[in-house]
Every structure is written in C-alpha cells, then in structure tokens.
Amino acid sequence: MFEKLERRIIFSGKIEAVTPLHIGSGKPEVEIGEVDMPVLTDPNGQPYIPGSSLKGRVRAEAERIAREEGLTVCKPPDVRNMCGSLKDNIEDFCICCRIFGTAGNISIASKVKFRDAYPAEKIGTLLERTGIAIDREKGTVSKHALYTIQAVPAGTKFSLEIVAENLADDELKLLLAALKSVEDSALGGSSTRGFGKVKFNIENVRERTAKYYLGEGEEKVFTGESLKEWLKEKGGF
Ligand SMILES: [Zn+2]
C-alpha cells in the first residue's frame, strides 16, 4: 500500500509533564493490596514513555474525533473488531486503521511511528503519593487498601519524535487534532487525581522526500513562525 516513499514528516520537540505523570509497567491501575505502583524505567533506571503508550492514546483520541465527525471507525484493540478482520479491501479501511495500522486477515503497518520518549535531563527524585483503594462494589475501604503510586514530577520534559509517512491531508489533520486532544485529556495512570496532563511542544517539523535521501533535493524545515503557519495550514492549530 505504501511501497513508495512520497513524503516523510518528522516532528521533533518535547513532551512536558504539566502535572505528575505515571506511566506504569502495564499492571492494572489499582490492585487492592498493592503497595507500590512503580513507574516504568529503562535499564538505567530512568523513567520513560514508550512509543506504544503514546500511540495508543493518540489513536484513541483520533477514533473519538473521527466518530464525532461522522466517520465509521472500527473498535480496537481486539483484532476481531478491526478493519483488518472486518474488511476485504484496504480501500475500505477506516481512517484510523489507515493511519495507525491494523492486524487481522489483512494487516497494514502504521504510517506513524512514535519513538520512546526519554527524559531530556536526568530525573532526580520521583514523586510518591499514597492513595486508598475503594472496593467499587461495596463502596468501602478494604483491608490492605493503601497503595503508593510513583510519578515523575510536573515540569519533567521528555524527548518527542513522531515520524509520519505518506499521510493524506485528512489523515495528517486527524493526527494533529488527536495530539491536541491528548493534551486536554491525559496520558498514563491516575488521571482522576489530576495526573497525566501533558503538553506536546513541537519545536520543528521536517518534510523529507525520496529526493532528499538521494541527495537531489532539500528537506523542508519548519520552526518558529514558519512552524506555526505549517500547523495552521495542515491542522487548523
Ligand atoms: Zn479500522
């Protein structure tokens, strides 16, 4: 489907934790009796945000926006409910599968890659907050219900790199809208206590074509005012 490299767009910048950010290791958010919910760390012990977490949140927001726009969108993450299982032709795939990929009888790769996001500067101390787990069925506090949740402090900045290939105009517009929408919702755990508000500070955008890689053409770089113009033109930012 995208055997040609028509246009690659590279977004670079920072993800800023506006409020404390808890990216866990994928365990359920609150388990009764859980005393410690550590943040996910790399082998050097530094917290990071996996590209897959970013992608998951951005895709979920893209789906909600597309539905609001009256588009039919399939229902991940169960592969049986995704276009790759439900449709016979790639042309019929929903806009979110076209952007972010699908598995199934027909699988297509994501046109957008989210790199793992590492701290721009070494993080010293992590926050630890204690909470009380409520038994949702009984509405009571159960025994052993105290838990400690770890988070990176507000103000922490992570590297941001998103690489998008061959996006159609409407796909690029939806991607940009979804990024904005994630900023107004949350990333990671404990959003009900205000965790996970983030800001995507895009510092520059590079557009590269096959000619660029062949040394026959220049890349286009947008930053500052030209970046503002670019975002406005592509996404109505
Ligand atoms: Zn789909």
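This is a predicted model: local features need pLDDT of at least 70, side-chain atom pairs count only at pLDDT 80 or more; totals for chains, interfaces and linings use all residues.
**Zinc site.** Select the zinc ion together with Cys74, Cys83, Cys94 and Cys97. The SG atoms of these four cysteines coordinate the zinc ion at 2.2 to 2.3 Å. For reference, the ideal angle for four tetrahedral donors is 109.5 degrees. Along the chain, the donors of the zinc ion follow the spacing C-x8-C-x10-C-x2-C. Colour by accessibility, and Cys94 and Cys97 both come out as buried.

**Cis peptide.** Select Pro76 and Pro77. The peptide bond joining Pro76 and Pro77 is cis, with omega about 10°. Pro77 sits in the loop between helix H1 (51-68) and helix H2 (83-86).

**Positive phi.** Go to Asn166, in the loop that runs between strand E6 (157-165) and helix H4 (169-184). Asn166 is not a glycine, yet its phi is positive, at about 55°. Is Asn166 buried or exposed? Asn166 has a relative accessible area of 11% and is therefore buried, the cut-off being under 20%.

**Cavity.** Finally, select Leu21, Ile23, Val39, Pro47, Tyr48, Ile49, Val152 and Phe158, which line the largest cavity. The volume of the largest cavity is about 30 Å³, and the count of cavities of 30 Å³ or more is one. What classes of residue make up the lining of the largest cavity? The lining has eight nonpolar residues, with no polar and no charged ones.

Note on methods
Residues are numbered from 1 along each chain as its sequence is written. Side-chain values use heavy atoms; hydrogens and water are left out. Donors are N, O and S atoms within 2.8 Å of the metal (3.2 Å for Na, K and Ca); water is not among the atoms, so sites may look incomplete. Buried means under 20% relative accessible area, exposed over 50%, partly exposed in between (1.4 Å probe, protein chains only). Helices (H or I, at least four residues) and strands (E, at least two) are DSSP runs, numbered from the N terminus. On a 1 Å grid over the protein atoms alone, a cavity is a set of points where a 1.4 Å probe fits but cannot get out, and a pocket is an open set with protein on both sides within 12 Å along at least five of seven lines; lining residues have an atom within 4 Å of a point. Grid points are joined across faces, edges and corners, and a volume is the space filled by probe spheres set on the points. Ala, Val, Leu, Ile, Met, Phe, Trp, Tyr, Cys and Pro count as nonpolar, Asp, Glu, Lys and Arg as charged, and the others, Gly among them, as polar.
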